[in-house]
Amino acid sequence: MTEAKRYKAGLISSLNPLGFNVERWSYAIHRATGVILVGYLMAHIFETLQLSGGAGAWANTMNALHSLGPLEMVGLWIVAGSALYHGANGIRLILNEVFGKLMGKPILPVYPYSPTSLGRDQRIAVWTVTLVVLALWIWAGLYLLAGLGVV
Amino acid sequence: MEKVNVDVVRTGGKHACYELKYRKGMTVLDALIEIREKQDSTLAFRHSCRMGICGSCGMTINGLPGLACHTQVSELKTDTVRLEPMHNMAVVRDLVVDILPFFDLHRSVKPYLMRKNIAERDSSDREYRMLQEEVGKFLQFDYCIICGLCYAACPTAALDPAYTGPQAITQAFRYMADPRDEGWKERIELLDTSHGVWRCHAAGACSFVCPKDVDPAKAIQMARVEVLKRRVLGKKGKEGSRLITVTAPAAPKEGTKPPPFDFPQGGRGGE
């Protein structure tokens with residue numbers, strides 16, 4: 001299919017889950033958190049690379065990071081949330097995609113339709129992932145705030 | 001609700017708004033037909049059966065892909081209906097999209113029974129028989145009306161125009177699961193590519209919008225498991241199925257009836 005002139009094809013449309021099922025929201029969040037993690041990985045490699053410039057260069061880099069103040073912690077908190085969501089949702093996707101679990105078996109469709117691949121098992125998995133990640137993310141936030149001496 | 005406002009995104013992105021009187025049971029397609037008959041004869045949209053069978057009237061209704069004939073105005077819970085062409089397809093005019101590239105994807109997976117014995121296939125004088133439980137393995141996927149809604153909803157298709165797409169992968173799996181078919185190897189090689197089953201990220205939007213509960217998301221994951229089994233375990237698929245041990249008849253002479261096939265008798269299909 002040619003890319004030219006396709007109506008509303010592209011990244012924005014791909015990441016817009018408005019009106020769709022929770023799995024599509026999960027897809028959008030999974031992609032966004034993946035991009036955040038790649039960005040963090042690149043920054044982390046750059047940061048560690050400074051060690052090759054000696055102890056002084058490393059200290060300068062760390063000082064520059066710490067000078068961001070609370071923003072550094074907010075950044076780390078976002079990275080922690082991304083890692084948690086990407087990892088936990090990744091396990092659900094492995095169950096789906098590698099083992100074919102949570103999808104149900106072929107059925108004879110009976111109106112009103114309710115696709116089994118988006119059925120009870122899948123919903124439980126999606127909401128379990130969401131709630132567990134939220135709980136851990138809040139805990140990570142408190143841990144980071146404790147590091148700042150706030151709590 | 002007494003009046004309905006229909007906001008149509010027309011060619012070039014221009015919006016056209018129409019107001020019409022609401023009737024109980026009015027579908028989006030009814031509204032469009034009334035607009036074309038009474039207000040604007042230039043409005044272009046595609047439709048045919050008006051009963052959710054032909055799959056012609058696919059469009060984006062209030063942000064979601066749907067069949068216009070299958071969507072009641074009242075179920076939208078708003079008095080403004082916003083209509084756009086289906087996403088991920090080129091617009092021909094107004095709400096009419098170029099569906100031919102989508103059909104090409106469908107054709108690319110060879111959506112028909114493939115048999116090794118051409119003579120037997122071409123001169124068949126009786127049907128291939130199956131057990132009811134064998135039919136149950138693919139019947140759901142056979143209800144596809146090729147409307148394109150799943151393709152329009154797919155976030156992967158939005159990014160990758162070469163992606164085989166949920167509809168075509170579902171049809172490939174429908175034939176892979178069919179005990180009469182012998183094209184398992186050819187189809188699985190078509191699916192085992194970077195633009196095939198591996199491109200799907202299980203967003204499930206295809207199944208969410210499917211008007212026939214074909215559940216493409218399920219078919220794609222089942223196809224992917226088959227691909228994985230082949231890759232990891234070296235599984236060869238169902239070549240050598242019970243039903244393909246049909247003796248090929250000699251080519252019939254001109255003007256004569258071909259001899260019957262030597263189907264196994266008894267214990268099949270309730271005999």
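Trainee: What makes β2-β1-β5-β3-β4 of chain B an open sheet of five strands?

Mentor: The five strands follow that order, with mixed pairing. Strands are DSSP E runs of at least two residues, helices H or I runs of at least four, both numbered from the N terminus. Two strands pair if DSSP finds at least two bridges between them. The edge strands, β2 (15-21) and β4 (64-67) of chain B, each pair on one side only.

This is a predicted model: local features need pLDDT of at least 70, side-chain atom pairs count only at pLDDT 80 or more, and totals for chains, interfaces and linings use all residues. Residues are numbered from 1 along each chain as its sequence is written, while chains are lettered from A and ligands numbered from 1 in the order in which they are written.

Trainee: How do you know that β3 and β4(B) pair?

Mentor: Strand β3 (residues 58-61) of chain B and β4(B) share four bridges, in the antiparallel sense. The cut-off is at least two bridges, so they pair. B:Gly58 has B:Leu67 of β4(B) as its bridge partner.

Trainee: Why is B:Asp160 called partly exposed?

Mentor: B:Asp160 has 19 other C-beta atoms within 10 Å. Buried needs 20 or more, exposed 12 or fewer, and partly exposed lies in between, with C-beta atoms placed from the backbone. Therefore B:Asp160 is partly exposed.

Trainee: Which residues does B:Asp160 contact, leaving aside neighbours within four places in sequence?

Mentor: B:His195 and B:Arg199. Contact means C-beta atoms, placed from the backbone, within 7 Å. B:Asp160 sits in the loop between α7 and α8 (166-176) of chain B.

Notes
Contact = placed C-beta atoms within 7 Å.
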